[in-house]
Amino acid sequence: MSATEHLNLADVTLAYGETEIVHNVSLTLKHGEIGCLLGPSGCGKSTLLRSIAGFEPVKAGEIKMLGRCLSSQTENVPTEKRNIGMVFQDIALFPHLSIADNIAFGIKDWAKSEQAKRVAELLELVGLPGVEKRYPHSLSGGQQQRIALARAIAPKPDLLLLDEPFSGLDANLRETLVPEIRDILKHESMSAILVTHDQMEAFAMADKVAVMMQGEIQQWGSAFNIYHEPKTRFVADFIGLGEFLKATIIDEFSVDSALGCLKGDEPLRFPAGTEVELLIRPDDIQHAEDGPLRGTIVKKWFRGSHYLYHVELEHGEVLPCITACHHDHGVGEMLGLSVELDHLVVFPLCDPETGVCDLQEAEVVQAQVVNA
Ligand SMILES: Nc1ncnc2c1ncn2[C@@H]1O[C@H](COP(=O)(O)OP(=O)(O)OP(=O)(O)O)[C@@H](O)[C@H]1O
């Protein structure tokens, strides 16, 4: 175990009966890091989380925390002996207990004075000082979720597992609560794993994100890496608001597309002439009146601080483009565009008949625009 390695999953395979749900998943979380399992419904996120909690035995592989084996084919440490805290979507505070008693539930064996001190400290931390004597029903949903968090971290567990803890809350509340919860966990140096299908939540909360599909981790990396350097087409498609633009490899460094010639500073491994798809993120295309490209707005979405436009170029290619919200243009208007691409992300073309892509075939290099 390396000095900073906290949680380690090695080739974990999980099954319900004969049906394998999670296949050969490996990941490592460092101490104090927040990881996130992100993926579409049914991809196995909760099953994987439940196995870390000790509710599901592993079919193969190993789960280790702080160097100790928690699960393997021959070992299954019971949940209550794992020193893991949990917060679920269903807040499930004890309605008949005061807030103080709820928070102190897992530390009843502490001295009374220590319990009271920890409860007060946590209430301060979650921004609800002084509510010790109140009951759960007198708090809002967001406040209750903060108390559920305080209850889970009161005993200072080695790991906190959060299964869709924000999904029952409205969007505005989520937006403010998620970074607050991250700050609280960081303050406590708490290692944690969050399950969510909401990428904005994952980005706001996690140091590392695992993008899962059909029981496999497609990519485990920082939000930045996953967004800008997706390793598979699924990740590129699932994350962000990307569009795929048809392109042709010119030589080992260059790709030609409706944006012109884009040159990377690392060699591409496709031969010249290969038809590929180039990933374009909305932030890669900027509105610039006298920019080198022009296109017609075909769709537009108001996103509060900005507009997202879909702009159609002369030959029908559609590009996403984000502008500040004072640049309010109508559908049908022409927009000048410039290309601000940092990363050249190229995929082999999907099979036009089956639509199937080779998921492992992404080619990601740092790009430099030389002609657009
Ligand atoms: N107890 C169970 N017995 C049999 N199959 C199950 C059981 N629990 C879950 N599954 C199946 O395992 C697969 C993965 O489920 P899981 O809940 O882990 O997915 P998820 O990614 O967390 O989905 P969601 O985001 O919808 O909660 C699904 O096909 C589900 O139907």
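1. Helix H1 is followed by Gly54, whose phi is positive, near 100 degrees. Helices here are DSSP runs of H or I with at least four residues, strands are runs of E with at least two, and both are numbered from the N terminus. The helix itself spans residues 45-53, and its buried residues are Lys45, Leu48, Leu49, Ser51, Ile52 and Ala53. A residue is termed buried if 20 or more other C-beta atoms lie within 10 Å of its own, exposed if 12 or fewer, and partly exposed in between, with C-beta atoms placed from the backbone.

2. This is a predicted model, in which local features need pLDDT of at least 70, side-chain atom pairs count only at pLDDT 80 or more, and totals for chains, interfaces and linings use all residues. Residues are numbered from 1 along each chain as its sequence is written. The model scores ipTM 0.95 and pTM 0.87. The protein chain averages a pLDDT (the predictor's confidence in each residue, from 0 to 100) of 88, and 92% of the residues score at least 70.

3. The ligand is surrounded by Tyr16, Ile21, Gly39, Ser41, Gly42, Cys43, Gly44, Lys45, Ser46, Thr47 and His197; a residue counts as near if its C-beta atom, placed from the backbone, lies within 6 Å. H1 supplies the largest share of this shell, three residues. By class, the shell holds three nonpolar, seven polar and one charged residue. Here Ala, Val, Leu, Ile, Met, Phe, Trp, Tyr, Cys and Pro count as nonpolar, Asp, Glu, Lys and Arg as charged, and the others, Gly among them, as polar.

4. An open sheet is formed by five strands in the order E15-E19-E16-E17-E18, with antiparallel pairing. Strand E15 (285-287) and strand E18 (318-324) are the edge strands, each pairing on one side only. From one strand to the next, the twist averages 50 degrees, an angle between N-to-C directions on a scale from 0 to 180 degrees, with axes fitted to C-alpha atoms. Within the sheet, four bridges join E16 (residues 293-302) to E19 (residues 334-339); pairing requires at least two DSSP bridges. Gly295 has Leu335 in E19 as its bridge partner.

5. Strands E4 (residues 60-65) and E5 (residues 68-71) pair in the antiparallel sense over three bridges. Ile63 has Ser71 in E5 as its bridge partner. Two residues lie between the strands of this hairpin, where Leu66 takes a positive phi near 50 degrees.

6. Glu124 lies in helix H3 (residues 112-125). Glu124 is classed as exposed because 12 other C-beta atoms lie within 10 Å.
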